[in-house]
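My notes follow in the order in which I looked things up.

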Amino acid sequence: MSAPILNRRDLEFFLYEMFNVEALTNREKYQDHDRTTFNGAMDTAQAIAEKFYIPIRQKIDANEPTFDGEKIHIIPEIKAGLDAILLAGLSSPTSEYEMGGMQLPLVAASGAFAYLSAAASTSLGYISLTHANCNLIEAYGSEEQIAKWVIPQREGRFFGTMAMTEPSAGSGLGDLITSATKSDDGSYRVTGNKIWISGGDHNLSENIVHLVLARVKGAPKGVKGISLFIVPKFLVNDDGSMGERNEVALAGLFHKMGGRGHTSTALSFGEKNGAVAYLVGEENKGLMYMFHMMNEARILVGTGAALTALTGFQYSLHYAKERPQGRLLSSKDPHSLPVNIIEHPDVKRMLLTQKAYAEGAYALCLYGHQLADDEKTALTEEERKHASTILDFLTPIIKSWPSEWGPKSNDLAIQVLGGHGYVNEHPVEMFYRDNRLNPIHEGTTGIQSLDLLCRKVPMNNFTGYQAFLSVIQNTIDSTSSCEGLTAFSQYLADTVINLRDVTEHVLAAAKNNNPDLVFSNSVSYLNMFGHITIAWLWLQQGSIATSALEKSPHLDEQKFYHGKLQAMKYFFNSELPLTYHWGSLVKNIDSTSFDTQADWF
Ligand SMILES: Cc1cc2nc3c(=O)[nH]c(=O)nc-3n(C[C@H](O)[C@H](O)[C@H](O)COP(=O)(O)OP(=O)(O)OC[C@H]3O[C@@H](n4cnc5c(N)ncnc54)[C@H](O)[C@@H]3O)c2cc1C
């Protein structure tokens, strides 16, 4: 029997026991849904993943896209898989019916999409970027732009991209130099070079809708002078028919260590007269608009990282149950049969670590999806605002924690397979390579850590920070006297007190000291906050498991809940203590990195 893509019981635990997605059917948008439709979406996604993607995932990896100077070549199976997703209506499952969507709550859609993301990994980027591109145009574009560029994308005829990065403007987008000039007809002409643009060219759709950041001639320097444009690969006539080729040229493809299901392109805009471009919203507000797409993409990056970790965990778990090797220290008899490696305590440690990281990370992403849903559809204005405040605050953690710890989980999946994990006969080394992108794109971990500590924590007089810590406190209060959970609840409370203390000290120090020094341990702060957040999510899972076990369920169910409790214990005993180490580096403003001179290396 082959390894499952994901553990269906676990997905249902998240959807129905932890995030109670069925309760959302009391909202008007979701009133047509129930558990049957949610499970139906998961069944469809699972069937597509098993039929179209599992058989070819290593073929995708071994056959990266190529460019012969005229055309891009992509193995045909990628289009077949994407078509199956589009045909099933799973490309924009959360959209309104009139936009071709299924009006699924985000958490339920994420549960279904989980199978596709885990199995198809990087080729799904064509679909998720297109969805996020549409969401941005719907939020800030004109009616005409929605009709012309969103509808064909929702129908799956056009795909979309996000074109920000330039050779000399990666993390520092304020330095971008792609320029735009207004024409007499009100459109613009864009000139410049973009790199790393995912899905920037291919032959999978009729057209490609690039969302391009550029600077209108004469605009202020820095982030305040950036505008956002729709720049299509092919122009589209007023009647919707395809017009001539726009000046968007493929300058080359990147050869990546993983993520080979998705083209990564260098694009050249406007080599002759400038590429025809249409301004979205107002000039100089482009970066603010782009954050709509970036924030969505950041949650998707975290989710992709968590799912790649989850599928790697399932694969190595399956392997460990079937691979006989060695004997336990307690068994000295050479005539006895070797045990399956899952019996060795160190292999259990590696599996538990993966479980704690991967299921913790996925819980965090689903929480992010729940907040993103609540900020739009919660019943009261107060609830919507609360969700929006917390989501905005938590986004750097939702993006970074799964991206940092997901690859560590995949690293352990390789280790569980030993030498067999190091060769491409098994997909675990591919999972690691695919997942390794996630701490880099959509804002590196270093950039996210600065965003969290310097911006998100103090923002609006600490509103998001305080609101989120109150949510954690509610869980601490509700678990403090639960049998079996009291010590964990208390430990979490202690780490939150320490976090508050560290935060206070470092921000006070920033008032009178060089910020490069004071914030030089920002990644340790992100790790600390992230681990406390994951411990909070594990305490919730432990609390659900404890209550469920009290009802003495069926034996298989008991095993499932014991697994949850054990992973919670593991995270609290082996991981949460690290927050004190990270906290002390931040609080004491350890200057080792800051002090090191560039020419001392
Ligand atoms: C496969 C892939 C797909 C991508 N897809 C897209 C896409 O679709 N659209 C798009 O626009 N971009 C895309 N990107 C670009 C991606 O977002 C950038 O690579 C990323 O933002 C980092 O920029 P950079 O590569 O120029 O690295 P740099 O900005 O040069 O960073 C290098 C290192 O320096 C650190 N660093 C830089 N500045 C600071 C600072 N101020 N403080 C502390 N540390 C700093 C970084 O953390 C990093 O470790 C993609 C990248 C890759 C690899």
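Entry 1: I began with Arg384 and Glu381, which both lie in helix α10, 3 residues apart, or about one turn of the helix; helices here are DSSP runs of H or I with at least four residues, strands are runs of E with at least two, and both are numbered from the N terminus. An α-helix has 3.6 residues a turn, so residues three or four places apart point the same way. The side chains of Arg384 and Glu381 meet in a salt bridge at 3.3 Å, N to O, a salt bridge being a side-chain nitrogen of Lys or Arg within 4 Å of a carboxyl oxygen of Asp or Glu. Arg384 is partly exposed at 24% relative accessibility, whereas Glu381 counts as exposed at 53%; buried means under 20% relative accessible area, exposed over 50%, and partly exposed in between, with a 1.4 Å probe and protein chains only.

**Entry 2: what I am working from.** I note that this is a predicted model, in which local features need pLDDT of at least 70 and side-chain atom pairs count only at pLDDT 80 or more, while totals for chains, interfaces and linings use all residues. Residues are numbered from 1 along each chain as its sequence is written, and side-chain values use heavy atoms, with hydrogens and water left out.

**Entry 3: α1 against α17.** At what angle do helix α1 and helix α17 pack? I find about 75° between α1 (residues 8–18) and α17 (residues 555–575), with their axes 12 Å apart; the axes are lines fitted to C-alpha atoms, for helices over the stretch in contact, and angles run from 0 to 180 degrees between N-to-C directions. That makes α1 roughly perpendicular to α17, the term for angles of 65 to 115 degrees. The contact (heavy atoms within 4.5 Å) is made by Arg9, Asp10, Phe13, Phe14 and Glu17 of α1 together with Glu557, Phe560, Tyr561 and Lys564 of α17.

Entry 4: I then looked at Glu557 and Arg9, whose side chains meet in a salt bridge at 2.8 Å, N to O. The pair links distant parts of the chain, with Glu557 in α17 and Arg9 in α1, 548 residues apart. Glu557 is partly exposed at 24%, and Arg9 is likewise partly exposed, at 21%. Asp10 and Lys564 belong to a network of salt bridges that also includes Lys355 and Glu359.

**Entry 5: helix α18.** Which residues of helix α18 (residues 578–587) are buried? I list Thr579, Trp582, Gly583 and Val586. Seen down the axis of α18, these buried residues fall within an arc of 100°, so they line one face of the helix; the arc is that of the directions from the helix axis to the C-beta atoms. Among the elements that cover them are α10 (381–417), α14 (486–512), α16 (522–550) and α17. Just after α18, Ile589 takes a positive phi of about 45°.

Entry 6: Ser400 lies in helix α10 and counts as buried at 2% relative accessibility. Leaving aside neighbours within four places in sequence, Ser400 is in contact with Thr445, Gln448 and Leu526. Trp196, in strand β5 (residues 188–198), has a positive phi near 70° and is partly exposed at 47%. Ser552, in the loop between α16 and α17, has a positive phi near 45° and is exposed at 54%.

Terms used
Parallel < 35°, antiparallel > 145°, perpendicular 65-115°, else oblique.
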